[in-house]
Amino acid sequence: MAADWALDLGRPAQRYGPLSLGYFLITEVSQHIALGADDLALLPAVIRAWAHFTTDARELGSAAHEQWDEQLPDILDEFVASYREPDAADHRATCADVIDFRLYETETSSEAVFDRLYASAPAFVRRQLDDAELAVHPPTIPAAAVESAGTVHQIKVLLRGSKPPIWRRLEISSTSTLADLHNVIQAAFDWDDDHLWMFTTAYGKFGCSPDLGDRDPDEATIAQIAGEGVTFRYLFDFGDDLDHDVIVEKVVPVTAGAAYPQCIGGRQPDPVQYYFDEDGEGRADALFDTDVINARLARLRS
């Protein structure tokens, strides 16, 4: 009801503060919602959950949570007092719009309300909702095409946020799994492969953490999840967020005598993974070198 009310007023549903929530409880809920004694006792926990949702949706941090917890007791006391006032009770007894707390419905479907909420939500909330949908209903991975055994994916892997841009152009067998691709990217950028990692694709998230809902990266090949022109994401180190775009530039036939995977281009030397990296000073003067990268990639073929 609070979300629907906010949207009717043309405001994002997550933009609630203590003042607006208190006003809503006293003017709307106390007048139009019938609450039994048990539900009235339950309401503080419900309101607290909503308040903390608005805080998280606005990325206000722990200080805002603490402020809510400080102010909610007074807000709820005022609400309970207003709910029990004789005038409010008389209004609920005679108003045709009064509805039961557990039977709230709108004139529109829940799907329509959700669509309105989704459209007004911040981008990071929409991503969380999308991730939840993929986790609950993961798309079926298409069967591998027979011809993919004779093709190579040419991909450009760009380290997001790097200035100047750090990227590698790689050729990798189309039948390589996403676990294989993880190893290739690690070698191409000289990452140390000692953190969690994850691919985000149109078929869900694939990574090393099934406890976090990741799909098995060995169950899908590059050809199955990305054709020519498709971009997907590779995230390494969930603390430092080394985020990469993986762009499939083209799919070409295997070249006779060529060894895959291989690096065929790029810009900038290998990035420094840690600020305290002992090799950091030496890398600052380094150059991009396909021979060095291909030497690392060659170890994956052994």
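## Strand 8 and its partners

In this predicted model, Gln 154 stands opposite Lys 250, a residue of strand 8. The pair belongs to a setting in which strand 3, spanning residues 151-159, and strand 8, spanning residues 242-253, are joined over 9 bridges in the antiparallel sense.

Strand 8 also pairs with strand 7 (residues 231-236), again running antiparallel, and here the two strands are joined by 6 bridges. Within this pairing Phe 236 has Leu 242 of strand 8 as its bridge partner. Strands 7 and 8 form a hairpin in which 5 residues lie between them, and in the turn Asp 237 adopts a positive phi of about 70 degrees.

## The largest nonpolar core

The largest nonpolar core holds 31 residues, of which Leu 181 and Phe 199 touch the most other members. Two or more residues are given to this core by each of several elements, including strand 3, strand 7 and strand 8, together with strand 4 (166-173), strand 5 (197-201), helix 8 (178-189) and helix 11 (290-301). Helix 8 makes the greatest contribution to this core, with 7 residues.

Which residues does Phe 199 touch, not counting those up to four places away in sequence? Its contacts are Leu 178, Leu 181, His 182, Ile 185, Gly 204, Lys 205, Phe 206, Phe 232, Arg 233 and Tyr 234.

## A separate core

In soluble globular proteins, nonpolar side chains tend to be buried together.

Conventions: Residues are numbered from 1 along each chain as its sequence is written. This is a predicted model: local features need pLDDT of at least 70, side-chain atom pairs count only at pLDDT 80 or more; totals for chains, interfaces and linings use all residues. Side-chain values use heavy atoms; hydrogens and water are left out. Two strands pair if DSSP finds at least two bridges between them. Helices (H or I, at least four residues) and strands (E, at least two) are DSSP runs, numbered from the N terminus. A nonpolar core is a set of buried Ala, Val, Leu, Ile, Met, Phe, Trp, Tyr and Cys residues joined through side-chain atoms within 4.5 Å. Buried means under 20% relative accessible area, exposed over 50%, partly exposed in between (1.4 Å probe, protein chains only). Contact means heavy atoms within 4.5 Å.
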